[in-house]
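Thanks for coming. I will go through one structure today, starting with a term and then moving from the core to the loops.

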Amino acid sequence: MMDLYPYLSVNHTFISLLKNMKLVIATRNANKIIEIREKFEHITGLEILTLKEFEDVPEVVEDGITFEENALKKARVISNFTGLPALADDSGLEIEALGGEPGIYSARYAGDEVTDEFRNILIHEKMRDVPAEKRGARFICIIAICMPDAREYVVRGECYGIISYYIQGEYGFGYDPIFYLPHMKKTMAQLSLSEKNRISHRAIALEKSIDILNGLISFEN
């Protein structure tokens, strides 16, 4: 992982690559892409590409033991494959009463084939008898940006809340309907996209990513 400032020593070949910088979003999750596009829409000189624009994209096995390892692996593989800067995130829910579950297995909790609704119901069942004061949880998002010259940047965002007694909300995805934000008096799934993109774990990490991307693009110009 590299700080931004050592980047200023890059050679002219790499500088030319960053003119009108193209950034590949290393995910097939349409909901994540929507959030990222909304957050990055005001970055001048940035063109966002998705995996749909490339053929024979390799599947990345998320076998890391931390969010950081998984995010970096995804970004590295896609950057190496496309020859372009790539951004990947790994995110998940950690619940105090469940010893940090589902954690890095959030997207695969209870199996790859089950729905988000099933996972939320499963957690509700596990939390049935947990009192309010022990229902604390946090969403974590790690974003990795990997460059074709092997420079890497990693940022982290966290959002704290509690596991709701009810499944509520029609927006968002994943565990949003059971993640209650006391200061908002809503679950994450009851927030509009603009609200969520101000306070969520991914929003916080994306804000930090914006600083990195603007720094790269500004130096180029």
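A residue is called buried if its relative accessible area is under 20%, exposed if it is over 50%, and partly exposed in between, using a 1.4 Å probe and protein chains only. Ala110, for example, is partly exposed, with a relative accessible area of 43%.

Some bookkeeping. The model is predicted, so local features need pLDDT of at least 70 and side-chain atom pairs count only at pLDDT 80 or more, while totals for chains, interfaces and linings use all residues. Residues are numbered from 1 along each chain as its sequence is written, and side-chain values use heavy atoms, with hydrogens and water left out.

Helices (H or I, at least four residues) and strands (E, at least two) are DSSP runs, numbered from the N terminus. A nonpolar core means a set of buried Ala, Val, Leu, Ile, Met, Phe, Trp, Tyr and Cys residues joined through side-chain atoms within 4.5 Å. As background, nonpolar side chains tend to be buried together in soluble globular proteins.

Now the core itself. The largest nonpolar core has 23 residues, and Phe40 and Leu46 touch the most other members. At least two residues each come from β1 (21–25), α2 (30–40), β2 (46–50), β4 (136–146), β5 (152–163) and α6 (201–220). Helix α6 gives the largest share, 7 residues.

What does Phe40 touch, not counting residues up to four places away in sequence? Contact here means heavy atoms within 4.5 Å. The list is Leu23, Leu46, Ile48, Leu87, Leu206, Ser209, Ile210 and Leu213. There is also a second, separate core of 18 residues, and Ile78, Ala88, Ile142 and Cys146 are among them.

Next, the helices. Phe40 is one of the buried residues of α2, together with Lys32, Ile33, Glu35, Ile36 and Lys39. Looking down the axis of α2, these buried residues fall within an arc of 165°, so they line one face of the helix. The arc is that of the directions from the helix axis to the C-beta atoms. In general, an α-helix has 3.6 residues a turn, so residues three or four places apart point the same way.

The N-terminal end of α2 is capped by Asn29, with a side-chain oxygen 2.9 Å from the backbone nitrogen of Asn31. A polar contact is a pair of N or O atoms within 3.5 Å; within protein, one must be able to donate a hydrogen and the other to accept it, and residues adjacent in sequence count only if both atoms are side-chain atoms.

Helix α4 (residues 116–126) has Arg119, Asn120, Ile123 and His124 buried. Their arc around the axis is only 140°, which puts them on the same side of α4. The cover over the buried residues of α4 includes β3 (86–95) and β5.

On to the rings. How many aromatic pairs does a search of the whole structure find? It finds 1. Rings of Phe, Tyr and Trp (its six-membered ring) pair if their centres lie within 6.5 Å; planes under 30 degrees apart count as stacked, over 60 as edge-to-face, and the rest as tilted. The pair is Phe139 with Phe179, and it is tilted, at 4.4 Å centre to centre and 40° between the planes. Phe139 is in strand β4 and Phe179 in strand β6 (residues 179–181), 40 residues apart, so the pair links distant parts of the chain. Both Phe139 and Phe179 are buried.

Last, the loops. As a general point, most residues other than glycine have a negative phi, and most peptide bonds are trans. In the loop between β3 and α4 we find Pro102, joined to Glu101 by a cis peptide bond with omega about -5°. Ala110 is placed in the loop between β3 and α4, and has a positive phi of about 70° although it is not a glycine. Ala150 has a positive phi of about 80°; its place is the loop between β4 and β5, and it is exposed, at 59% relative accessible area.

Val57 is in the loop between β2 and α3 (67–82). Is Val57 buried or exposed? At 12% relative accessibility, Val57 counts as buried. Beyond its neighbours within four places in sequence, Val57 is in contact with Arg28, Leu51, Ile78 and Phe81.
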